[in-house]
Amino acid sequence: MDVLIVLVFISLVLVVGGLIFLFRTLKEGDSEHADRLSLLPLAKDDLAEGDNLNSQSKPKENS
Amino acid sequence: MSASVQTKHVVYDDGIVRAFTLASLIFGVVGMLVGVIIAAQLSFWQANFGISWLSFGRLRPLHTNAAIFAFVGNAIFAGVYYSTQRLLKTRLASDFLSWLHFWGWQAIIAAAAITYPLGLTQGKEYAELIWPIDLAVVVVWVVFAINFFWTLGKRNEKNLYVAIWFYISTIVTIAVLYIVNNLQLPTSLVHSYPIFAGVQDALVQWWYGHNAVGFFLTTPLLGLMYYFMPKAAERPVYSYRLSIVHFWALIFVYIWAGPHHLLYTALPDWAQSLGMIFSVMLWAPSWGGMLNGLLTLRGAWDKLRTDPVIKFYVVAITFYGMSTFEGPLLSVKSVSALAHYTDWIIGHVHGGTLGWNGFLVAGIIYWMVPRLYGTKLFSKGLAEAHFWIGTLGMLLYVVSMWVGGVSNGLFWRALGPDGFLQYPDFIEGLRALRFLFLMRLVGGTLYLTGFLIMTVNIFMTVARGKAVNVETDVVGFEKTPGPNTWKLIAGAPMVYSAIVIALSILLGVSGVITSAAVLAAGAVVVVAAILGIGVTRQGQGTTWHRFLEGKPLAFTIIALVAILIGGLVEIVPLVMIRSEVPMMTNAEGVMVESPFTQQPYSPLELAGRDIYIREGCYTCHSQQIRPFRHETLRYGEYSRAEEFRYDHPFQWGSKRIGPDLARVGGKYANLWHYLHMNDPRSTSPDSNMPAYMHLMTRQVSTDMMMARMEVQTKVGVPYTDEDIKSAGPNILSQGTLIADDLLTQGVPIDPQSEMVAMIAYLQRLGRGPQAITAEEPVATSEVN
């Protein structure tokens, strides 16, 4: 039974902590940074499939 | 724009990516082909053609190592080099190091392919490479690390994307695991003994083995998933914030889970419980990552119909989810009691490697190769064929192993109404698996067929394209003020984490009343941390983790600390303890080791043990009897930790294709062992064990055994100088006892042959020399 008390207690702490964290994050609204980083893999820094190049290079703009 | 920020022209090194990709394909075919061959040997023992270096025990390490380190390893390096350059907007730091890494890794693979069939092995699963090759692995890994971190240093993107975090954790963790698990003393250029023995060696090995799965087959591939999935889906990752939680939770928790491979063994119970608890906890971050990967496809699920790359990714991530559910399930003690040593584990492992690793790599290669060669994929139809044939193969393989594993586990534990074993003959269980072994062979062959189709498709794509190195203009980043590396490491989240971890450890060792206080303190700290980290700004509205993403050194140090904690907490106490050794008070009232405790192996038995390791017997036979009635009835008294104290390395095994051998000593006559190793079917009809006739023609070298005993003393085995000096006569006298016994039954044999050494070792298993009389062996009447 001891272990059940420990488990329930830890679970409640995590749930309460998680809710506090969630509401604080929503209130801060600071998701621009994450948005910018998550776009990194989508940069046009590789060839599109089927680009049959004669030269060895294809310069691309990268912001 | 500041004057310090400049536009730079960058040419990516895609040549190294192409090289690793093609190497991955070639070694993938080899590794899977060897897998099919050994699967065939399970059904048809003749499939080794009577050649010792094609036997199951020698080829199985070749299959596992080729699949893990050659196929997946080369694919990881290809993907890491491709994505790192683009995520950091810079070329790899050194072309020389890149190619040194490539050729060094291929040389290691070639060396493994030669040494394993020759029986040159350490006898530890997934760590079989002999010490000179281990040194080469360390050197090549350091080359990779220097090249990677040097590239981080010259990057043109300040913040490190989540994929890079996973690569960092892979590099530092594999270095730690590999070095610690391979601490060994050489006895010759091709042989060594690990410094750890028995229980300690088992814990270190499975700390390594489990985390080789975690940090070689999981974290780098998760990094690749976080890069290549958004690429193919043309969508950003579902939740960047979730990826932060996913990363830190996964690497911290994963490292603790190793002992789940040793449940109900002689490993101390506290270590087993830690392994089980952290394995169950691992489910949460694993599924967080899986959902993050799958939900990246939101709004793009239509691609699943048309794009084979997405198909491979979705099935791969789904298999990741299945495996990371199954892993925690199998780590629950009562489930492990049924599943351990059975094919369920093999099914679980292959769900991960064939499904998660194999299909993710396939998707990446299908996506990357056309772009690396400036052309289109040769045939989408062939890619579709690969997908469906491979999926069917996987399902056949995994389902047959699940069914075989569960039924075999139930078979072993079945007791009759009289309370005794319902199926006392082990071979009956093997007979019941025959059909499922065939299904496994068919499934594996189908998977290999799909892979061959991909290989042809990719090489045709390469043939019609032209190697292209992408060039691009990038804008560097401006250095912004912020906390330095050491301030970040001593930041609030680290302090809070340290307090919570310390309280958790205290909780583990405290009593009930103290526990309540510790829990209350822990709750306060957790809530304070969540509130505190949220409001603690490190200046300019930037959070601690955002700064950390721009500081590779701080990030690496914190990741290293996160993975070290679990290993230290589990391994250090176990290496220090001596409580497993029976003690007694002598005539002077001083506590000394009991004389009835385990004694070192005789030189001939040690030689036999080394042969047992060389032949890979541990791939089919365990040496660990668990404390269950059905096991003690079948094999004898359950195993105790002190029995293995001189076992360098431990040989507990992880699979029972054959029966446990921990107490086989004295169970059968010498003649039985002789007949069994010459022709296993003569004593055990329907056995699928290979014959070991070559042991008859090879002799034990006295000089070699003296050198090995000398090294054994350095790792803690109490051989005296006299023991070592008299090794030659000792080998001859013990061998002659066995040879004379065989001669009385019409079998002439060289007393110094490897066959005699192997018999001496097997007859010793489960018994100290004090329990063996001079008239050994006693049982000569039965040969079945």
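How many residues lie between β2(B) and β3(B) in the hairpin they form? I found two residues between them.

Before going on, I noted that this is a predicted model, where local features need pLDDT of at least 70, side-chain atom pairs count only at pLDDT 80 or more, and totals for chains, interfaces and linings use all residues. Residues are numbered from 1 along each chain as its sequence is written, chains are lettered from A and ligands numbered from 1 in the order in which they are written, and side-chain values use heavy atoms, with hydrogens and water left out.

I looked up the pairing next: β2 (residues 184–188) and β3 (residues 191–194) of chain B run antiparallel and are joined by four bridges. Strands pair if DSSP finds at least two bridges between them. Helices (H or I, at least four residues) and strands (E, at least two) are DSSP runs, numbered from the N terminus. Across from P186(B) I found S192(B) in β3(B).

F49(B) has a positive phi, near 55°, and sits in the loop between α1 (15–43) and α2 (56–88) of chain B. I also noted that F49(B) is exposed, at 64% relative accessible area. Exposed means over 50%, buried under 20% and partly exposed in between (1.4 Å probe, protein chains only). E234(B), not a glycine either, has a positive phi of about 55°; its loop runs between α7 (219–233) and α8 (240–254) of chain B. The peptide bond from H648(B) to P649(B) is cis, with omega near -5°. I placed P649(B) in the loop between α23 (629–635) and α24 (670–678) of chain B.

**Negative patch.** Which residues gather in a patch of negative charge on the surface? I listed E710(B), D721(B), E722(B) and D723(B). Patch residues have over 30% relative accessible area and no salt bridge, with like charges joined within 9 Å; a salt bridge is a side-chain nitrogen of Lys or Arg within 4 Å of a carboxyl oxygen of Asp or Glu. Helix α27 (residues 721–725) of chain B gives the largest share, three residues. E722(B) lies in that helix and is exposed, with a relative accessible area of 52%.

**Chain A.** I counted two helices and zero strands here. Of its 63 residues, 27% are buried.

How values were computed:
Patches are made of residues with over 30% relative accessible area and no salt bridge: like charges are joined within 9 Å, nonpolar side chains (Val, Leu, Ile, Met, Phe, Trp, Tyr) within 5 Å. Accessible areas come from the Shrake-Rupley method with a 1.4 Å probe; for residues, only the protein chains shown count as cover. Lys and Arg count as positive and Asp and Glu as negative; His and the chain ends are not counted. The place of a charge is taken as NZ of Lys, CZ of Arg, CG of Asp or CD of Glu.
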